[in-house]
Protein chains: 2
Amino acid sequence: MLTYSLADKGADSLYLYLYKCIKNDIVKGVLPSGKKLPSKRSFAKNLGVSNITVENAYALLQSEGYIYSLPKRGFFVSDITFPAPTKFASFSAPVPQREGDSPRKEKVTAPTFFADFVNNHTTPESFPFSIWAKLLREIISQKSNELMIPPPCGGIYELRSAICSHLKQFRGMEITPEQVIVGAGTDYLYSLLILLLGRDKIYAVENPGYTKIEKVYHSHGVDCRFINMDSSGILVEELTRKDADIVHISPSHHYPTGIVTPVSRRYELLSWAAARPSRYIIEDDYDSEFRFAACPMPTLQSIDTMERVIYINTFTKSLSSTIRISYMVLPPRLLARFYQELSFYSGTVSNFEQYTLAKFIRDGYFEKHINRMRNHYRTIRDDLLAQIAKSPLAGCSTITEESAGLHFILRLDTEKSDQELVNNGKKNRLNLSCLSQYYHRTSPEMPDHSSMHSLVMNYSGICRQKIKEAVQRLCKSVLTTS
Amino acid sequence: MLTYSLADKGADSLYLYLYKCIKNDIVKGVLPSGKKLPSKRSFAKNLGVSNITVENAYALLQSEGYIYSLPKRGFFVSDITFPAPTKFASFSAPVPQREGDSPRKEKVTAPTFFADFVNNHTTPESFPFSIWAKLLREIISQKSNELMIPPPCGGIYELRSAICSHLKQFRGMEITPEQVIVGAGTDYLYSLLILLLGRDKIYAVENPGYTKIEKVYHSHGVDCRFINMDSSGILVEELTRKDADIVHISPSHHYPTGIVTPVSRRYELLSWAAARPSRYIIEDDYDSEFRFAACPMPTLQSIDTMERVIYINTFTKSLSSTIRISYMVLPPRLLARFYQELSFYSGTVSNFEQYTLAKFIRDGYFEKHINRMRNHYRTIRDDLLAQIAKSPLAGCSTITEESAGLHFILRLDTEKSDQELVNNGKKNRLNLSCLSQYYHRTSPEMPDHSSMHSLVMNYSGICRQKIKEAVQRLCKSVLTTS
């Protein structure tokens, strides 16, 4: 078994020294990619330390992406030439985000996939750095007074007002700035909504769905139930049957299936919400800017006359995931409660970025950026589809939802399990995810989705020059027999 | 009774139209400052609308600072030439933060106090705009790749590492970057800690104390108990008796009393924490940078060998409250749980500001800024104390805690109630708060602190040129018989 002498640990705590020893061996290649590490218990026994010491060392290594865990199988060494995914839970064996390095050690080169079909990163070429820098400079020189005034909990007036105009122009929504609440990312806003709507409520999420939403509800310890979907979206009958109060949906473009909820189901949902005073719909409109269809479906919010819809959207998709600005639109009936109970919370977005973004929208740069990005993503998608059509995959796959924007579904005619597909991808330095990973199986009677053979192809972070080779690697991952 | 014709409401919803009517009358002076508004119920009856319509209109007006409420007395028109406080709950009649204006109306001039002794704002002269702008520019031109990589939940490595060096140098703390978790403000970190430590735990806060902390716990619906203090800090015996698991304290400089917990009480606290596995101490070191004493007491964290202390600090005090960056230092024993259960949460601070702040600290600008600000605050304090010494207040007041930094206590020999003092301050365009406002009276048997006649004088936001007149206004507020 792997062993280290802990006598030389010096001033370090045991767990930290152990972490450094293992990391060092991974970086030097002594522990190769894929190597299984000893179980925590036996490793602890062997080293003569407590289980918690090994647990802490493994947790740190995992948080930095050096190792990953497989349920019921244990811990394995990551391929550190790969990047860690940063959005969307990957399979049951996620390589978590890379955390801070140890202070006294050289930093490891950030691992990189050849192509990442899981995370929707913004590439540096896509971000309007020069305009952003110019606007920031103007804000700093012209608004030094305003920059020092703490913003109200909901955000600065200029930004909320700019968001109103944007939503009116692009989504036909008629709202007032006081309905707009700005926050540092949608995770933060989800948490705030739990405090607003009540921890005693029953929350419901889509199955399949964006797994992180359920994680947020789970971490808050609220009752969160999975609701199945048909081809029109979430099943209203099941919502009623499962006693849900609050339902969290993405009716304009469901992730990952791409389902667009038709108007009849929308009215059914609104009618469900209106039937009891505790019911609300959270409408997550996360990538509405990038739909390629000529005329996107109006929002649920805009046809809601009973004030039961809370609209959420984010600039982390449309601008950059590293600028942490999201917003929600509260219905008027919730405003009194919000301002009375939660407005004591300080705002979470820096004034510098709030003013810069407000100007970016107001001066028309956001619209230009969206148009440019929509064209850019369309080109990427077209290239990718063309390469797949020319490849051996053409004969053994079907593509759906290719017009939804930012991702499509590639259904494969293969014997391989979904886990095998993802693992093969990893070997070929592709980050892949399967539709089945977004399903939550609540009971053994439920259908098993573990072999749907459908890849969710998020293409927004793919560099155009790499598409040809990425498809070759994809063919290898799908077609090579192991 | 006040009445409006709602026939002309046009496309507005009822509540919005009513809000606009009332606001218009306040702005035009038809409804003067201090005027009592009709009760919600009678107003609704009179207008023939539902109670919720009036409630929503009042909530909006209150959120924008146009009106304020007094418990059991009702709603009153604010003096809109005054600013709204933005930090620290003011008396039982707070003027809430100013929210966004109505979109189609001209914006009201932001109301301003002559001098604000409640809120610790940064004045624009104090913020190092040119250096900040220069560093931001460098970051944008040199780090375009890094800026687009989503940061891990705990923050970018460079910032966490810079914070480690800072804490080592200024507070003698030996920690590693992975222990540092960066977040968008302390409110956010408090919320994250509730998720980490458990909603089933019993939380305890200081009485008196910074009222916002209890509000955060309250909004999360966790059991939060008030613990009394003696001259050495929080009472450990009461912590035990009240079954607390987690205690939230500021031992280095209690707000607002300024108490510094001596080393014996510190060990008593650590011993309390070590006695049960569920116990932790949250050490809020909120303004440690600005203590004028030659050698500030070491942190609890640095003498904690049992890993029971969570250290929290913020750049919102030391840099600007509008740059939303705070951090906490987790003990190693909590790291595994944090990374396993909560690292799926996206970071809340933009990469642009994380990299800029990291460089600001690393290149020595933060240290220079702190030194400059410490001198600046010392000058403000000395001037203010000198003016008070020369004024009629000298004969009827005692000053304590004048070396604590950023505030002192002015105890007055007066017949006036604390509420009267605050109200008189308002009439003289001073924002004042009393020590009694920071006490929570949990039962009628508890001592009534409502007439302590002690003002908490936060002076960091006071402009030097205004000190003389501010003290004259203070004399008027305290000495004039009404």
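Tutor: Let's start with two helices: α4(A) passes α13(A) in a right-handed crossing. The model is predicted, so local features need pLDDT of at least 70 and side-chain atom pairs count only at pLDDT 80 or more, while totals for chains, interfaces and linings use all residues. Residues are numbered from 1 along each chain as its sequence is written, chains are lettered from A and ligands numbered from 1 in the order in which they are written, and side-chain values use heavy atoms, leaving out hydrogens and water.

Student: Why is the crossing of α4(A) and α13(A) called right-handed?

Tutor: A crossing is right-handed if the near helix is turned clockwise from the far one by less than a right angle, and left-handed if anticlockwise. The pair α4(A) and α13(A) falls in the right-handed class. Helices here are DSSP runs of H or I with at least four residues, and strands are runs of E with at least two, numbered from the N terminus. The axes of α4 (129-142) and α13 (351-362) of chain A come within 9 Å and cross at roughly 115°; axes are lines fitted to C-alpha atoms, for helices over the stretch in contact, with angles from 0 to 180 degrees between N-to-C directions.

Student: Which residues of α4(A) and α13(A) meet?

Tutor: Among them are Trp132(A) and Leu135(A) from α4(A), and Phe352(A) and Tyr355(A) from α13(A). Contact means heavy atoms within 4.5 Å. The residues of this contact divide into 10 nonpolar, 1 polar and 2 charged. Nonpolar covers Ala, Val, Leu, Ile, Met, Phe, Trp, Tyr, Cys and Pro; charged covers Asp, Glu, Lys and Arg; the others, including Gly, are polar.

Student: How do you know that β8(A) and β9(A) pair?

Tutor: Two strands pair if DSSP finds at least two bridges between them. β8 (246-249) and β9 (280-284) of chain A are joined by 4 bridges, so they qualify. They run parallel, with Val247(A) opposite Ile281(A).

Student: What makes β12(B) and β15(B) edge strands?

Tutor: The open sheet runs β12-β13-β15 in chain B, with antiparallel pairing. β12 (397-400) and β15 (454-458) of chain B each have a single partner strand, so one side of each lacks a neighbour in the sheet.

Student: How many salt bridges are counted between chain A and chain B?

Tutor: The count is 0, where a salt bridge needs a side-chain nitrogen of Lys or Arg within 4 Å of a carboxyl oxygen of Asp or Glu. The contact takes 79 residues from chain A and 80 residues from chain B.
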